[in-house]
Amino acid sequence: MQKLKFLKPAIPLTVISVVIALLLAVINSVTAGKILENTLIEKEKAIKGIFPECESFVSEDASHYENSVSDAGKVLDKDGNVIGYYADVSPIGFKGEISLIVGTDTDGKVALVTLLSASETPGVGTKATDSTYLSNFVAKTSGNISEVATITGATISSKAVKQGVLSAVTTVDRIIKGGK
């Protein structure tokens with residue numbers, strides 16, 4: 001009996017752990033839909049911020065997507081005309097994912113890069129996600145994105161943003177060319 005004495009405190013801890021795990025699973029199932037809905041609302045706001053005349057946007061086949069691109073497609077006006085393209089891209093920076101929406105014109109030139117979220121180091125890594133740095137990509141194509149300089153002190157973050165924008169523009173180029 002003395003040999004099994006160590007089990008006495010383990011049983012309540014196991015029960016508590018199982019109950020907490022079940023509660024977390026229930027909370028996750030209840031909130032998952034709302035989180036997804038909020039994410040879609042933020043994405044729609046970002047796309048409409050880039051293209052004010054946007055009436056809708058249509059995702060393209062995922063086989064066109066480059067690394068770190070989770071969604072991309074056409075932006076349509078009220079008459080159904082293509083007014084541009086968007087790509088939802090999430091490169092990995094110094095401290096984690098940097099979520100961006102990249103909008104391009106119908107020729108594939110960057111119209112605007114919008115930050116959705118980032119967890120980079122305040123004051124240093126966040127320089128790579130502020131609007132001043134992101135504006136350096138406007139009018140760039142996949143052929144000249146490399147001209148945008150990285151930020152000293154935020155090299156990893158700014159390289160991640162550059163790679164994300166390049167992936168987005170390359171994806172849009174594939175969409176424009178019909179996947180070729």
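Let's start at Ser59, which stands opposite Gly73 in β2. This is a predicted model, by the way. The strands involved, β1 and β2 (residues 69-76), pair in the antiparallel sense over 4 bridges.

Now zoom out to the whole sheet. We have an open sheet of 5 strands, in the order β1-β2-β3-β4-β5, with antiparallel pairing. Its edge strands are β1 (56-59) and β5 (110-118), each pairing on one side only. On average, neighbouring strands here are turned by 25 degrees against each other, ignoring direction.

Next, the helices. Helix α1, residues 7-50, lies across β1, β2, β3, β4 and β5, and runs at about 155 degrees to β5. Helix α3, residues 155-176, lies across β2, β3, β4 and β5, at about 40 degrees to β4. A quick check on α3: with 1.5 Å a residue, its 22 residues should span 32 Å, and the end C-alpha atoms are 31 Å apart, so the two agree. After α3 comes Gly178, with a positive phi near 75 degrees.

How many aromatic pairs does the structure hold? There are 2. In one, the ring centres of Phe57 and Tyr86 are 5.3 Å apart and the planes sit at 75 degrees; over 60 counts as edge-to-face, so that is what we call this pair. The pair links distant parts of the chain, since Phe57 is in strand β1 and Tyr86 in strand β3, 29 residues apart. Phe57 is partly exposed, at 26% relative accessible area, while Tyr86 is buried, at 1%.

Then there are Tyr133 and Phe137: centres 5.6 Å apart, planes at 90 degrees, so edge-to-face as well. Both Tyr133 and Phe137 are buried. Thanks, everyone!

How values were computed. Residues are numbered from 1 along each chain as its sequence is written. This is a predicted model: local features need pLDDT of at least 70, side-chain atom pairs count only at pLDDT 80 or more; totals for chains, interfaces and linings use all residues. Side-chain values use heavy atoms; hydrogens and water are left out. Two strands pair if DSSP finds at least two bridges between them. Helices (H or I, at least four residues) and strands (E, at least two) are DSSP runs, numbered from the N terminus. Axes are lines fitted to C-alpha atoms, for helices over the stretch in contact, and angles run from 0 to 180 degrees between N-to-C directions. Contact means heavy atoms within 4.5 Å. The expected span of a helix is 1.5 Å times one less than its number of residues. Rings of Phe, Tyr and Trp (its six-membered ring) pair if their centres lie within 6.5 Å; planes under 30 degrees apart count as stacked, over 60 as edge-to-face and the rest as tilted. Buried means under 20% relative accessible area, exposed over 50%, partly exposed in between (1.4 Å probe, protein chains only).
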